[in-house]
Amino acid sequence: MNPLKLKSMDNNKIPKRSLSVVAIVLLLSYASCISIASFDQYAYAQTISVKVDGLNIMNLAKDDFSKHQESVREYQTKLQKVYEYEKNRPKNEITIKLWDKLLDPNGHLLGGFLIRWEKEKILSETFIIEEKKLVDQAFDQIAGLESKKIKSSDIPE
């Protein structure tokens with residue numbers, strides 16, 4: 001048997017093993033480098049739920065705030081629960097930034113709207129319509145981000 005031929009066959013075995021090891025390392029690296037939380041059906045459903053409730057609450061702002069204060073407080077509690085759930089999910093920083101912007105009491109989205117309604121007691125129909133468009137878009141961003149996240153079943157083990 002030709003010693004060169006034997007050496008050549010041994011060299012072919014090593015790269016196959018190396019390829020397997022490299023493939024495993026790459027898969028593990030990919031799984032550990034995912035920097036966004038995986039899709040969560042509960043988070044998505046809760047986002048849609050508080051969106052619909054929020055837009056309905058905003059419609060009430062043409063009435064005196066005191067008339068709907070209890071409903072607003074219950075809604076704010078529901079928002080806090082969703083926010084806390086999101087905040088405690090790993091690798092969810094981007095979503096939390098979107099929630100922070102939406103709920104900012106000094107901002108121009110839902111948090112600011114509710115504060116302004118409480119302060120001014122009644123808001124104009126035009127203002128409500130325009131703010132609802134912005135709040136709707138903000139919720140859509142959050143829901144859209146969630147729906148595009150990688151499904152946990154798609155993450156290599």
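**Helix packing and local geometry**

Reply: In this predicted model, H4 and H6 pack with their axes 10 Å apart and at an angle of about 165°.

Me: Is the crossing of H4 past H6 left-handed or right-handed?

Reply: The two helices pack with their axes 10 Å apart. The sense in which H4 passes H6 is left-handed.

Me: How many residues of the contact of H4 with H6 are charged?

Reply: From H4, the contact draws on Ile94, Thr95, Leu98, Trp99 and Leu102, which meet Val135, Ala138, Phe139, Gln141, Ile142 and Leu145 in H6. By class, these residues of the contact comprise 9 nonpolar and 2 polar. The number of charged residues is given as none: no charged.

Me: Which orientation do H3 and H5 have to each other?

Reply: Helix H3 covers residues 65-87 and helix H5 covers residues 110-120. Their axes lie 11 Å apart, and the packing angle is about 155°. Since the threshold for this class is over 145 degrees, the orientation of H3 and H5 is therefore roughly antiparallel.

Me: How many nonpolar residues does the contact of H3 with H5 hold?

Reply: H3 passes H5 in a left-handed crossing. On the H3 side, Phe65, His68, Val72, Arg73, Tyr75, Gln76 and Leu79 take part, and they meet Leu110, Leu114, Trp117 and Glu118 of H5. The contact contains 2 charged and 2 polar residues, and the nonpolar ones number 7.

Me: Which helices are included in what covers the buried residues of H5?

Reply: The buried residues in H5 are Leu110, Gly111, Gly112, Phe113, Leu114 and Trp117. Of these, Leu110, Leu114 and Trp117 also meet residues of H3. The cover over the buried residues of H5 includes H3, H4, H6 and helix H2 (41-59).

Me: What is the phi of Lys91 in the loop between H3 and H4?

Reply: Lys91 belongs to the loop between H3 and H4. Its relative accessible area is 36%, which means that Lys91 is partly exposed. Although Lys91 is not a glycine, its phi is positive, at about 55°.

Me: Is Asn92 buried or exposed?

Reply: Asn92 sits in the loop between H3 and helix H4 (93-103). Beyond neighbours within four places in sequence, Asn92 is in contact with Ala37, Glu86 and Lys149. The relative accessible area of Asn92 is 3%, and under 20% counts as buried. Asn92 is therefore buried.

Me: To which side chain is that of Asn92 joined by a polar contact?

Reply: The side chain of Asn92 takes part in a polar contact of 3.1 Å. The side chain joined to Asn92 in this way is that of Thr95.

Me: What separates the C-alpha atoms of Gln69 and Glu118?

Reply: Gln69 lies in helix H3, where it is partly exposed with a relative accessible area of 34%. Along the chain, Gln69 and Glu118 are 49 residues apart. The separation of their C-alpha atoms is 8.3 Å.

Me: Of the contacts with a separation of 6 or more, what share do residues 24 or more positions apart account for?

Reply: The protein chain contains 6 helices and 0 strands, in the order α-α-α-α-α-α from the N terminus. Of its 157 residues, 31% count as buried. Among contacts with a separation of 6 or more, the share of residues 24 or more positions apart is 77%.

Terms used
Residues numbered from 1 in each chain as written. Predicted model: local features only at pLDDT ≥ 70, side-chain atom pairs only at ≥ 80, totals over all residues. Heavy atoms only, no water. Axes fitted to C-alpha atoms, helices over the stretch in contact; angles between N-to-C directions. Helix = DSSP H or I, 4+ residues; strand = E, 2+ residues; numbered from the N terminus. Parallel < 35°, antiparallel > 145°, perpendicular 65-115°, else oblique. Left-handed = near helix turned anticlockwise from the far one by under 90°. Contact = heavy atoms within 4.5 Å. Nonpolar A, V, L, I, M, F, W, Y, C, P; charged D, E, K, R; others polar. Buried < 20%, exposed > 50% of the residue type's maximum accessible area, 1.4 Å probe, protein only. Polar contact = N/O pair within 3.5 Å; in protein donor to acceptor, adjacent residues only side chain to side chain.
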